[in-house]
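Please read the following points alongside the coordinates. They are arranged by topic, and the criteria are stated where each term comes up.

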Amino acid sequence: MKMLAANLAGAIGSRYLKNKNQLIFVEYDGFISTIDLAPVSAVVISQGTTDIKGTWLFDCETGTNVSAGATADIWWEQIDTVKRQMVPQGNAQIVNLGIVDFNQITPAVLQSYNYSNTPIIGNNDASNKLVNGDVFCVHTREGNYCKLMVVAYGYNLKVQWVTYKLNPTYKRIGSGYTNPEDIAVMANEQTAFVSERSGDIMKVNLASANRAAATVVCSGLTAPQQLWLDEAHMTAYVVEYANPGNLFRIDLTTGTKTVLYSGLNFPVGLTLSSDLSFAYVTEQGLSGISRIELSTGIKILIAGGLTAPFFLTWTDSTESRLLVAERDPANRISSVDVTKTTNNVNLFISNTASRPSSIVATQPGSYCVCCNSEVDQYALMAGTGTGWYKGIGFVPWNLITAVGKADTTTQPAYPFQFPKDSPFGGTLPVNIDHYNAWSSGIKYYKVLIDGSPRFESWNDLRLNTTNGYYDIIELQKPDVSGFYNIHNPAAMYYNTDLGCLLESTTVSNGQHTLIVEFYDAAHVQVSSMTNKLLINNEKCVASLDVPLLNTHPANGCGYLKYMNATDQVTLRWSAAHPQGFATWSFNIIKGLNGGVYADSGALFPAPVHGQDLIKNVSDLLNNCPGVAAFAESLYVASTVINGHSRQSQLDAESSIAFCLAP
């Protein structure tokens, strides 16, 4: 999660302006406001290399040392000849990153860190954190951001620093409204409509967005709430917060109001299906969401048990799921499957800021949530609760079936194709979107199988910024509770998405539940995602019997003596896997690579496939002289994968050489 704006006056209804890449929203105290969602831009206030003198204060804005008692951001405190620490001053805050790439820390990245008032240990002993190459950052007393790298440790600390002033992204473009609740914007992104709790619907030119320049479309409503525009017919739909409350259709040209449904129980949120067949309304008096068929007036409660449900939005153009803000004490966003009427509510975002009102999809997987005093941005995936767990190796989570098998064949253009319905085995690379998780405020994650955390560790390579090589080996391991660290984007790992090398041989063969949980800096769980995984590490079996001539087996040298060309040779073989997760191929070769017979197939669902191949001697010799050497071979290949490759160590093969002679 990333905070986009704070100290707001009651952020409520919102919309996304695609052409401008802006979030537009109303503040209950009377404002229309916008937030630019383009990448953060900034100007450099100061930069260079200098010494922070021992016992002196340092001002990040000017890059100068100042004496005790002056206004500054950090203090290089010398407690005694050994104990030292870098202490934030006043309302400035600090965070230590360790040895990372100083140049990769952009203004946008600087915003994402969790700053605190905790000093950084700089003792002149092994406990020192401020070693050469260490990077720490300061959120200054003036609200700017400074990154500093230790060039040379000592009583005087030589540092390289850059201080940025972020260009403002939040601004108020309109004022004077009477407790606005929602804003809806036409496709031209120039004209908007605002509902005021006092009872008016206002038409607003966003180029001159103060209420004094707006016009009243209609008035006399009782606490109108969320708006829904039908631009093709120049109408709007709105509900009144009352009991009984009405659902209105409003002619935006004439201001004429038409009651479509009456008797709602304190409705707040409203959205319609694109074909105008159904209206979906949150009714706080019923703690749920109702669906109204507009042609018949039939109303059905499709979701209950919600906490003060507020505004609604569709997750995507399929209009199969709604997102709803639930206010305090729940403070969350939930997803509702409108194709069902029971067991259809799932957590989408937990632990939002206080009193969330609306959620808007801005980009695929990116959402903005308007809360009472702030607007926050989340990187998520609709319907899953997280976009940070990616899948197993080359198999995305959504290409793992409900029973836990990989099926990349549903995406035939995808280059990493595996046998259809492949189980998983071996060492499984669990992939995590570290970059977007970090940007969303996620700092830790857990990997669990059947509810139990995993504790695998592995070594990864990290970029050495001094020589440009990936030659720094870093151990990745969880703490005693199973918490892994999300990668700081300033550190460039070779395996950028790797989240765990899960050793599946430590669990039983069969279906298991993989859970990946994500946590913020305070170790509070933000979200999780689940995949079923069908694990199988059983070996294949390839079995060949001794060849028979009529009923007589070959001798120890594989010699078969025939009397007539019509004598029969029987080759008995069997391919097997305990669960049938394998394919087989059987071949007969004569002489130097002379193919005589070939066959292949899949075991699944049968765990065993056997055959008695019977051939006349004349068929095998096929115009050869009376003596010929043969080889029969059987290969049984496992269809189990680890997400990157097929697990060939589970394969089996067998071969026998034999000779026919008169």
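How many of the six residues of β28 are buried? Five of them are, so to speak, under cover, and β28 is mostly covered.

1. Basis of the comments. This is a predicted model, in which local features need pLDDT of at least 70 and side-chain atom pairs count only at pLDDT 80 or more, while totals for chains, interfaces and linings use all residues. Residues are numbered from 1 along each chain as its sequence is written, and side-chain values use heavy atoms, with hydrogens and water left out.

2. Overall form. The chain contains three helices and 55 strands, where helices (H or I, at least four residues) and strands (E, at least two) are DSSP runs numbered from the N terminus. Its radius of gyration is 34 Å, whereas a compact globule of 662 residues would have a value near 26 Å; the radius is taken over C-alpha atoms, and the globule rule is 2.2 Å times the number of residues to the power 0.38. The C-alpha trace spans about 110 × 85 × 40 Å along the principal axes. Of the 662 residues, 51% count as buried, with buried meaning under 20% relative accessible area, exposed over 50% and partly exposed in between (1.4 Å probe, protein chains only). Among contacts (heavy atoms within 4.5 Å) between residues at least 6 apart in sequence, 56% join residues at least 24 apart.

3. Strand β28 (residues 309-314) pairs with β29 (residues 321-326) in the antiparallel sense over four bridges, pairing being assigned if DSSP finds at least two bridges between two strands. Within this arrangement Trp314 has Leu322 of β29 as its bridge partner. Six residues lie between the two strands of the hairpin, and Glu319 in that loop has a positive phi near 55° although the residue is not a glycine. Glu319 counts as partly exposed because its relative accessibility is 21%.

4. Aromatic pairs. The structure holds 22 aromatic pairs; rings of Phe, Tyr and Trp (its six-membered ring) pair if their centres lie within 6.5 Å, with planes under 30 degrees apart counted as stacked, over 60 as edge-to-face and the rest as tilted. The rings of Tyr280 and Trp314 are edge-to-face, because their planes stand at 85°, with the centres 5.3 Å apart. This pair links distant parts of the chain, since Tyr280 is in β25 (residues 278-283) and Trp314 in β28, 34 residues apart, and both residues are buried. Tyr445 and Tyr484, by contrast, are stacked, at 5.3 Å centre to centre and 15° between the planes. As Tyr445 lies in β38 (residues 444-449) and Tyr484 in β42 (residues 484-485), the pair ties together parts that are 39 residues apart in sequence; both of these tyrosines are buried.

5. Charges over rings. A charge is taken to sit over a ring if NZ of Lys or CZ of Arg is within 6 Å of the ring centre and within 35 degrees of the ring normal. Arg172 lies over the face of Phe31 at 3.8 Å from the ring centre, and the charged end of Lys446 sits over the ring of Phe483, 4.4 Å from its centre.

6. The five-stranded sheet. An open sheet with mixed pairing has the strand order β49-β55-β54-β51-β52. Its edges are β49 (559-561) and β52 (594-602), each with a single partner strand, so one side of each is left without a neighbour in the sheet. β51 (residues 582-590) pairs with β52 in the antiparallel sense over eight bridges, and the bridge partner of Thr583 in β52 is Ala602.

7. Backbone points to check. The peptide bond joining Asn243 and Pro244 is cis, with omega about 5°, and Pro244 is placed in the loop between β21 (235-240) and β22 (245-251). A cis bond also runs from Phe604 to Pro605, with omega near 10°, in this case with Pro605 in the loop between β52 and β53 (608-616). Glu189, which is not a glycine, has a positive phi of about 60°; Glu189 counts as buried because its relative accessibility is 7%.
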